[in-house]
Amino acid sequence: MMNNVSVVTMFTLSGLSGTTNYRVVLFTLTLLCYFVIWLVNLTIIVTIILHKKLHEPMYIFLCNLCINGLYGTAGFYPKFLIDLLSTTHVISYAGCLLQGFVLHSSVAADFSFLVLMAYDRYVAICRPLVYHSVMTKEKVGVFVFFAWLIPICLVFMGTITTSRTSLCGSQIPRIYCVNWLIGKLACSASIANVVIPAFNYTFYFGHFIFVGWSYIHLIRTCKASKENWSTFMQTCVPHLFCLVVGVVSLLFDLLYMRFGSKGLPQSAQNFMAMQFIIVPPVINPLMYGFKLTQIRQIIKNALCGRGSVVGLKS
């Protein structure tokens with residue numbers, strides 16, 4: 001099999017092979033979706049940055065979650081829109097690795113910020129007396145720094161390992177690149193290509209366990225107090241909803257990528273591949289924008305042309 005080794009400089013993305021008849025419609029819908037993602041995320045980001053009343057840990061983490069949503073989608077939508085207008089769907093080797101890196105690191109950072117938001121709610125509700133000493137500006141800055149750094153480092157190791165693999169093919173049966181599909185083109189199995197992803201999955205599964213543990217304590221604490229339960233419904237429910245949407249979307253994609261049927265129509269396969277790049281970036285800012293009173297009221301006042309929002313209640 002090693003005789004088939006060749007220097008791969010370009011990959012062919014075969015996921016768009018059956019979209020010729022409705023390419024214009026798909027381009028229009030994709031462009032509209034990308035516009036909506038930018039609009040809702042940028043609205044939350046600008047609102048939090050411009051209003052000092054929102055310079056609190058929960059909102060800072062939410063702001064970074066929205067920034068990450070724009071970062072992740074930038075790794076997919078521009079290239080996908082270009083491919084929809086082109087008759088050839090290819091991507092350079094370096095471009096494929098970069099796209100996989102951006103998508104993987106964005107998903108990992110999503111979970112990092114959702115975990116930080118869960119920790120913030122846990123301290124605020126379960127340990128309110130020490131909240132301001134635990135969630136200081138300096139500590140929040142450190143949390144945000146590592147929430148970006150750790151996913152980037154972990155995914156970078158996987159990308160470097162993938163880039164050192166000898167490939168015996170250049171066709172990726174998708175509309176975008178991911179490291180696992182590049183690894184499937186390897187001429188021989190690599191221990192590193194198994195160990196590093198396994199470590200990453202285990203690491204972020206630990207994140208999920210932590211969130212579950214924190215919510216058990218949150219629910220126990222909030223059930224004993226009507227005020228705490230109101231706070232839980234306002235700030236924790238949107239977080240929990242966004243977490244479930246992210247986990248389900250990601251698991252749906254991962255399980256299909258590994259065990260999905262090739263007998264499905266190409267359009268159905270493309271939808272399954274795209275839903276984790278469409279749903280969380282739209283749902284996250286919308287859910288928080290509608291549910292969190294301060295953000296909702298500030299946006300409403302801005303749209304109505306009103307002035308200051310000083311004195312708004314949480």
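Biologist: In which sense do strand 1 and strand 3 pair, and over how many bridges?

Modeller: In this predicted model, strand 1 (residues 10–13) and strand 3 pair in the parallel sense over two bridges. Two strands count as paired if at least two bridges are found between them, so the two bridges here meet that condition. Thr12 stands opposite Gln171 in strand 3.

Biologist: What makes strand 2 and strand 3 the edges of the sheet?

Modeller: The sheet is open, with three strands in the order 2-1-3 and mixed pairing. Strand 2 (90–92) and strand 3 (171–172) each have a single partner strand, so one side of each is left without a neighbour in the sheet. Helix 4 (residues 93–126) packs on this sheet and touches strand 1, strand 2 and strand 3. The direction of helix 4 makes about 90° with that of strand 2.

Biologist: Why is the link between Cys96 and Cys177 called a disulfide?

Modeller: The sulfur atoms of Cys96 and Cys177 are 2.0 Å apart, and the limit is 2.5 Å, so the pair qualifies as a disulfide. Cys96 lies in helix 4 and Cys177 in the loop between strand 3 and helix 7 (179–184), 81 residues apart.

Biologist: How do you know which hand the disulfide of Cys96 and Cys177 has?

Modeller: The torsion about its S-S bond is about -110°, so this disulfide is left-handed. For Cys168 and Cys187 the torsion is about 115°, so that disulfide is right-handed. Cys168 lies in the loop between helix 6 (137–163) and strand 3, while Cys187 lies in the loop between helix 7 and helix 8 (191–223).

Biologist: What makes Asp83 and Lys79 a salt bridge?

Modeller: Their closest N and O atoms are 3.0 Å apart. The cut-off is 4 Å, so the pair counts as a salt bridge. Both residues lie in helix 3 (residues 77–84), four residues apart, about one turn of the helix. Asp83 is buried, because its relative accessible area of 2% is under 20%.

Conventions: Residues are numbered from 1 along each chain as its sequence is written. This is a predicted model: local features need pLDDT of at least 70, side-chain atom pairs count only at pLDDT 80 or more; totals for chains, interfaces and linings use all residues. Side-chain values use heavy atoms; hydrogens and water are left out. A salt bridge is a side-chain nitrogen of Lys or Arg within 4 Å of a carboxyl oxygen of Asp or Glu. Buried means under 20% relative accessible area, exposed over 50%, partly exposed in between (1.4 Å probe, protein chains only). Contact means heavy atoms within 4.5 Å. Axes are lines fitted to C-alpha atoms, for helices over the stretch in contact, and angles run from 0 to 180 degrees between N-to-C directions.
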